[in-house]
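I opened the model to look up a few things for my notebook.

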Amino acid sequence: MTQTLTKSFLQMKHDEIEAEVNISTVIQFVLLGFSALPNLQGILSALFSVIYMIILTGNCLIILITRLDHTLHKPMYFFLANFSSLEICYVSVTVPRILFNIWTQDRNISVLACAVQMCFFLMLGTDECFLLAVMSYDRYVAICNPLHYPLVMNSKKCTQLAAGSWLSGIPIQIGQTCWIFSMHFCNSNEIDHFFCDIPPILKLACGDTSVHELSVYVVVMVVAAFPFILVLTSYSKIIATILRLPTAKGRAKAFSTCSSHLLVVFLFYGSGTITYLRPKSMHSPGTDKLLSLFYTIVTPMFNPLIYSLRNKEVIVALRKLILQK
């Protein structure tokens, strides 16, 4: 009996020491990414390269024409240029790393580099949420209070709203990233994802992560749900105002200025909310990657097309730019 207890005690000590060793040795992670598709690495490399170039080219064109064409020197296009700049930064946090991993087949990433990538991704995602809310507010003032629009949305106010959107995510997401990476990682060092995101990182943590999961839900409610409510409030009032317009032509013109923004809002918020508000038990690597691809790469690729093809002023400005060249 004594020998059995002694053996059990020694085994427990051995397991504790082994766990501590595992915790201390996790100094880098391995981003598995798309390593499960070895025969498609060349195709994936070409696909992500083309998508990245489309995103950069499309958003740079929007920034260029909103600066060069004086007819686009309006608050709506000022915010659109900020949104395009934000999209370039947003995709540049993840896509170059994906391409590096595919090209070199070196999937190692240090804990610090992983934390930095997550922090910038979350900060820029938060900035995008608030900027979309600001853009909806701009449309609300333009359609519901057109006479006061030049006074309310003056250059100083626009600059303050844009700066607030860019800076809003910094304190929140730095705090959240530090909170997540204060955990010990002992389950594995393999991240079954193509970038350092919260759900796959939490899977590697030792012990109970329920407090950290709760903190993620709270932060998502603050940085995503709150701006989304502002967007819905703005557009409910916009739609009510549009329906009261006397002519069908006026209603069509008002809807056309809002439909592009509304489409982008639902694409971004829809996939992002599903990812971060699902319970941990419902997360699976395949589903997480698919949803993440949608809101990190696919949506930013379509945004320039949505804003340009559905906006006559942007199309006219783009034509003038091409003809001048």
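**Ground rules.** The model is predicted, so I kept to its limits: local features need pLDDT of at least 70, side-chain atom pairs count only at pLDDT 80 or more, and totals for chains, interfaces and linings use all residues. Residues are numbered from 1 along each chain as its sequence is written, and side-chain values use heavy atoms, with hydrogens and water left out.

**Whole chain.** I found twelve helices and three strands in the protein chain. Helices (H or I, at least four residues) and strands (E, at least two) are DSSP runs, numbered from the N terminus. Of the 325 residues, 46% are buried. Buried means under 20% relative accessible area, exposed over 50%, and partly exposed in between (1.4 Å probe, protein chains only). The accessible surface is about 16,700 Å², by the Shrake-Rupley method with a 1.4 Å probe. Carbon and sulfur atoms hold 71% of that surface. I also looked at contacts, meaning heavy atoms within 4.5 Å. Among those between residues at least 6 apart in sequence, 79% join residues at least 24 apart.

**Helix α5.** I checked the span of α5, residues 111-144. Its 34 residues at 1.5 Å each should span 50 Å, and the end C-alpha atoms are 49 Å apart, so the two agree. The expected span is 1.5 Å times one less than the number of residues. I counted 26 of the 34 residues in α5 as buried.

**S234.** This residue sits in helix α9, residues 210-243. Is S234 buried or exposed? S234 counts as buried because its relative accessibility is 10%. Beyond its neighbours within four places in sequence, S234 touches S136, Y137 and Y140.

**L262.** I placed L262 in helix α10, residues 248-277. L262 counts as partly exposed, at 23% relative accessibility. Its C-alpha atom is 9.4 Å from that of L232, 30 residues away along the chain.

**Second largest pocket.** A pocket here is an open set of points on a 1 Å grid over the protein atoms alone, with protein on both sides within 12 Å along at least five of seven lines; lining residues have an atom within 4 Å of a point. I noted a volume of about 230 Å³ for the second largest pocket. Which helices each supply at least two lining residues? They are α2 (41-68) and α3 (75-92). The most comes from α3, with five residues. The lining includes R67, H73, Y77 and F78.

How values were computed:
1 Å grid on protein atoms, 1.4 Å probe; cavity = no way out; pocket = protein on both sides within 12 Å on 5 of 7 lines; lining within 4 Å. Points joined across faces, edges and corners; volume = space filled by probe spheres on them.
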